[in-house]
Amino acid sequence: MTTTVVHLALYAALFCGVSAWTSNKRSFYPNARTLQQEQEQQQSRRNFLATGGALIASTFAAAGGLPSPANADEELMEVYFGCGCFWHVQHEFVEAEKKILGRSDDELTSRAGYAGGKNGASADGKVCYHNALNVADYGKLGHAEVVHMKIPPSKFEEFAAEYFKLFDDKGFRPDQFGDRGPEYRNLVGIKGGTNSDLAQKLIKSSIATGDKVDFAVGKGDDRDAAKVVFVMDIEKYPFFIAENYHQFHDGFNFGENYPNSYNSLASKYAQKGENFGSCPNGMLGVGVGGL
């Protein structure tokens, strides 16, 4: 199946109501731009950064560098982000919840899990990590590793910015040349997918943090494409929570050993009654590091 990759310029045109497609319009591919398009895009970005940057700076100064509170009447929305192995990604979003929303350890919503597959869950509702019993394997179900959270809609751009900071200057994720395959693909899940107003904010945030990736409409079971983020409709491709032993885990790189106060959060939430499913414990039944 061919994946249609939609570049930022096309996204902007579509969302602003501009007629981007005509009978003689050439196909759009990542990094395939005419000189005129490149100049227009650069000018647009300069204007955005000039106005948006000033607004961000003044807002930060007014807040004294502290988390700015969301509207108390805002209903929290669900969103997920995927960018390789979910261990490190969860830690970064836990830090984001604390920094952006001022949440304490008892209020954190970031959870590791699986999403993006066409097949959803198994017949008994399970989605599991690889295991020796071959029960509801998330890879075979077409899912990728993601981190799900509940945040105020007004803070989505700030969380999106934290996501794009995970990519290096060339648009590669941290484990691009380590963990590979559809299970580690880049994806963002929002209500409505590319048809949502949130997709516009996602693009703005991407531009503001260096415009390092392209975007594609998530169709489920998508491939692992470097420098491409699949935008999923979270209602069509929902989140499935991962096992307890994957939650608040140390990172995948050497030196990413987080403090016990972080690692112990999974057991604390479980003691409070949170359900992390009933999947088998990894390939060897150990329940540590995927084993």
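This briefing covers the disulfide, some helices and strands, and the nonpolar cores of one structure. The model is predicted: local features need pLDDT of at least 70, side-chain atom pairs count only at pLDDT 80 or more, and totals for chains, interfaces and linings use all residues. Residues are numbered from 1 along each chain as its sequence is written, and side-chain values use heavy atoms, with hydrogens and water left out. Helices (H or I, at least four residues) and strands (E, at least two) are DSSP runs, numbered from the N terminus.

**Cysteines**

- One disulfide (a pair of cysteine sulfur atoms within 2.5 Å) turns up in a search of the whole structure.
- Its partners are Cys 128 and Cys 279, with an S to S distance of 2.0 Å.
- The two cysteines belong to distant parts of the chain, 151 residues apart: Cys 128 is in the loop between β3 (111-115) and β4 (144-151), and Cys 279 is in the segment after α7 (265-271).
- The disulfide is left-handed because the torsion about the S-S bond of Cys 128 and Cys 279 is about -75 degrees.
- Cys 128 has a relative accessible area of 0%, so Cys 128 is buried; buried means under 20% relative accessible area, exposed over 50%, and partly exposed in between (1.4 Å probe, protein chains only).
- Cys 279 also counts as buried, at 16% relative accessibility.
- Two further cysteines are buried: Cys 83, with a relative accessible area of 2%, and Cys 85, with 6%.

- Helix α4 covers residues 156-164, and seven of its nine residues are buried.
- The buried residues of α4 include Phe 156, Phe 159, Tyr 163 and Phe 164, and also Glu 162.
- Helix α5 (residues 197-208) has twelve residues and spans 17 Å from its first C-alpha to its last, close to the expected 16 Å; the expected span is 1.5 Å times one less than the number of residues.
- After α5 comes Gly 210, whose phi is positive, near 115 degrees.
- Among the buried residues of α5 are Leu 198, Leu 202 and Ser 205.
- An α-helix has 3.6 residues a turn, so residues three or four places apart point the same way.

**Strand β7 and its partners**

- Strand β7 (residues 228-233) is mostly covered, with five of its six residues buried.
- β7 pairs in the parallel sense with β5 (residues 186-190) over five bridges; two strands pair if DSSP finds at least two bridges between them.
- β7 also pairs in the parallel sense with β6 (residues 214-217), over four bridges.
- Phe 230 of β7 stands opposite Leu 187, and Phe 230 is also the bridge partner of Ala 216.

**Nonpolar cores**

- The largest nonpolar core has 45 residues, and those with the most contacts inside it are Phe 81, Phe 93, Phe 156 and Tyr 163.
- A nonpolar core is a set of buried Ala, Val, Leu, Ile, Met, Phe, Trp, Tyr and Cys residues joined through side-chain atoms within 4.5 Å.
- Elements that each supply at least two residues of this core include β2 (77-83), α3 (86-101), α4, α5 and β7.
- The most comes from α3, which gives six residues.
- Another core, of 13 residues, lies apart from this one and includes Leu 187, Val 228, Ile 234 and Tyr 237.
- Leaving aside neighbours within four places in sequence, Phe 156 is in contact with residues including Phe 81, Ile 190, Leu 198 and Leu 202; contact means heavy atoms within 4.5 Å.
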